[in-house]
Amino acid sequence: MDSTEIRRRVLELEPWVNGFEFDGVVYAGESKLDYVLRQDPDERARRFFQAFPDAQRILELGALEGADTLALSRRPGTRVLALEGRVENLRRAELVLEVHGATNAEMRLADVETLDLAELGHFDAVLCAGLLYHVQEPWTLLGNIARVSDNLYLSTHYWGTAEGLARLDGFVVKPVREEHPEPQARGLSVDVRWLDRESLMKALADAGFVHVEVLHERTSPEVCDIVAVCRKS
Ligand SMILES: C[S@@+](CC[C@H](N)C(=O)[O-])C[C@H]1O[C@@H](n2cnc3c(N)ncnc32)[C@H](O)[C@@H]1O
């Protein structure tokens with residue numbers, strides 16, 4: 001596909017959230033909305049494969065425009081299945097993969113809150129980034145992930161204080177109304193729940209991810225970030 005054709009296809013799929021670069025040309029860069037990738041996809045993929053060097057069959061959840069999908073698929077021998085809940089994001093991700101000739105990556109439209117991941121088979125590792133805090137029952141999603149893989153690379157927010165929070169199903173939760181500044185990056189559910197740190201660790205352990213290696217953490221009284229490599233054994 002030449003750059004004129006790429007530009008035409010990119011325009012058809014406006015508005016983009018992040019855009020992408022191919023062959024030295026930035027596409028849809030000017031249409032960047034309020035959401036920018038928090039972590040460079042190549043750096044995230046590097047850390048992912050540092051944690052799971054033998055991972056070949058990979059499941060990605062909440063792929064947005066396929067930036068991480070592409071970075072993961074660049075590793076020879078991998079096969080990436082990426083799920084995305086919004087069809088507009090899915091179409092843009094498909095174009096990004098097509099332009100780059102990433103034939104070892106597949107995008108699929110799916111709601112991870114309702115899909116039984118076990119229908120998809122077994123995976124060497126799962127990437128769940130920027131998604132766990134967009135669902136109503138993060139503990140259910142972690143249990144769902146654990147049914148298809150022993151290895152999880154998790155990047156998420158949690159709530160910084162346990163005070164004044166609700167209790168549900170044995171977890172301490174902060175009810176949150178989805179107000180992400182970028183609508184295309186929001187959860188599919190309007191009312192979601194954030195775990196506090198203790199409950200996040202409990203949900204991981206309940207799911208079977210008993211070994212949690214924290215790669216990065218930023219704490220605050222409210223919104224906290226954590227990146228963790230989670231293993232069953
Ligand atoms: C905050 S973005 C994170 C994108 C990317 N994973 C990253 O870390 O930069 C959340 C993405 O998950 C998708 N998403 C939200 N809820 C979902 C659900 N229930 N099922 C599938 N995808 C969902 C959104 O459409 C969006 O593309």
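These legends walk through several close-up views of a predicted model. Local features are described only where pLDDT is at least 70 and side-chain atom pairs only at pLDDT 80 or more, while totals for chains, interfaces and linings use all residues. Residues are numbered from 1 along each chain as its sequence is written.

View 1. Helices (H or I, at least four residues) and strands (E, at least two) are DSSP runs, numbered from the N terminus. Helix 6 covers residues 197-207, and its buried residues are Ser199, Leu200, Ala203, Leu204 and Ala207. Here "buried" means that 20 or more other C-beta atoms lie within 10 Å of a residue's own, "exposed" means 12 or fewer, and "partly exposed" is in between, with C-beta atoms placed from the backbone. Looking down the axis of helix 6, the buried residues fall within an arc of 140°, so they line one face of the helix. That arc is taken from the directions from the helix axis to the C-beta atoms. As background, an α-helix has 3.6 residues a turn, so residues three or four places apart point the same way. The buried residues of helix 6 pack against helix 5 (138-146) and also against strands, including strand 7 (151-159) and strand 10 (191-195).

View 2. Two strands count as paired if DSSP finds at least two bridges between them.

**View 3. The hairpin of strands 11 and 12.** Strand 11 and strand 12 make a hairpin with four residues between them. They pair in the antiparallel sense over seven bridges. Arginine 218 faces aspartate 225 of strand 12, and glutamate 217 has isoleucine 226 as its bridge partner.

View 4. Alanine 166 belongs to strand 8 (residues 166-168) and is exposed, with 10 other C-beta atoms within 10 Å. Setting aside neighbours within four places in sequence, alanine 166 is in contact with Val173 and Pro175; contact means C-beta atoms, placed from the backbone, within 7 Å. Proline 175 stands opposite arginine 193 of strand 10, where strand 9 and strand 10 run antiparallel, joined by five bridges. Strand 10 has four of its five residues buried, so it is largely enclosed by the rest of the structure.

View 5. Most residues other than glycine have a negative phi, and most peptide bonds are trans. Yet the bond from glutamate 14 to proline 15 is cis, with omega near -5°. Proline 15 sits in the loop between helix 1 (3-12) and strand 1 (20-22). Aspartate 23 has a positive phi near 55° and lies in the loop between strand 1 and strand 2 (25-27). Aspartate 169 also has a positive phi, near 55°, in the loop between strand 8 and strand 9.

Notes
Two residues are in contact if their C-beta atoms, placed from the backbone, lie within 7 Å.
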